[in-house]
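Subject: Structure handover

Hi,

Here is the structure for you to look over. My notes follow below it.

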Amino acid sequence: VDPSSRLFYIGETVATSGSETGGVRAFTFASLPSVAELSGSPYTSKGLAPYSILPLSTGDYIYVANRQTSSSSSGVIAGFSFTSSSSTYSLTALSSTVTAGTHPVGLAEDSSKQFVLAVSVDGSPDLEAYFFDTTTSGQLDATITSATGTDPVQASAVVALPQ
């Protein structure tokens, strides 16, 4: 759920056509008790299966950690910008993705709002941190990679203290 409770997201493994079959569906709470799917949903998540979805605390971006792409054993994190006009919401895919470890399963934003943390169940590495690019809005840049123990660790979740 996004921080303003406007939308919620569902990751699916067969949401889109083509070789990158993972996708994210976005729904609005605007017409409770029913929900409405956003126009353009599902959005391709640039991998085979989304395992974690992270809306940033600002509500401006969401990030999706995906199992590997069809051409790589590495995972990938795709980003989307969120925009709203009146009660119309939309997501736009960011122009590039970032590589993650094998099978990334957890994402968290740190309390300083400077980093996105990712853990991968199959390592290579287990923990990664990304900072926000200073020239391209929403783009993540890798900054820290680390093992969380002696493999096989199988890191499965990450939590950051809220501010």
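How many residues does the largest nonpolar core have, and which of them have the most contacts inside it? This is a predicted model, so please read the notes with that in mind.

The core first. The largest nonpolar core has 14 residues. Leu56, Tyr63, Ile77, Leu107, Val116, Tyr130 and Leu140 have the most contacts inside it. Two or more residues each come from β6 (61–66), β9 and β11. β6 gives the most, with 3 residues.

Another core, of 13 residues, lies apart from the largest one. Among its residues are Leu7, Leu38, Ala78 and Phe80. As background, nonpolar side chains in soluble globular proteins tend to be buried together.

- Ser41 and Pro42 are joined by a cis peptide bond, with omega about 5 degrees. Pro42 sits in the loop between β3 (36–37) and β4 (43–44).
- His103 is not a glycine, yet has a positive phi of about 55 degrees. The loop between β9 (98–100) and β10 (104–109) holds His103. His103 counts as buried because its relative accessibility is 18%, and the cut-off for buried is under 20%.
- Lys113, also not a glycine, has a positive phi of about 60 degrees. Lys113 is in the loop between β10 and β11 (115–120). With a relative accessible area of 39%, Lys113 is partly exposed.

Best wishes

Technical notes
Residues are numbered from 1 along each chain as its sequence is written. This is a predicted model: local features need pLDDT of at least 70, side-chain atom pairs count only at pLDDT 80 or more; totals for chains, interfaces and linings use all residues. Side-chain values use heavy atoms; hydrogens and water are left out. Helices (H or I, at least four residues) and strands (E, at least two) are DSSP runs, numbered from the N terminus. Buried means under 20% relative accessible area, exposed over 50%, partly exposed in between (1.4 Å probe, protein chains only). A nonpolar core is a set of buried Ala, Val, Leu, Ile, Met, Phe, Trp, Tyr and Cys residues joined through side-chain atoms within 4.5 Å.
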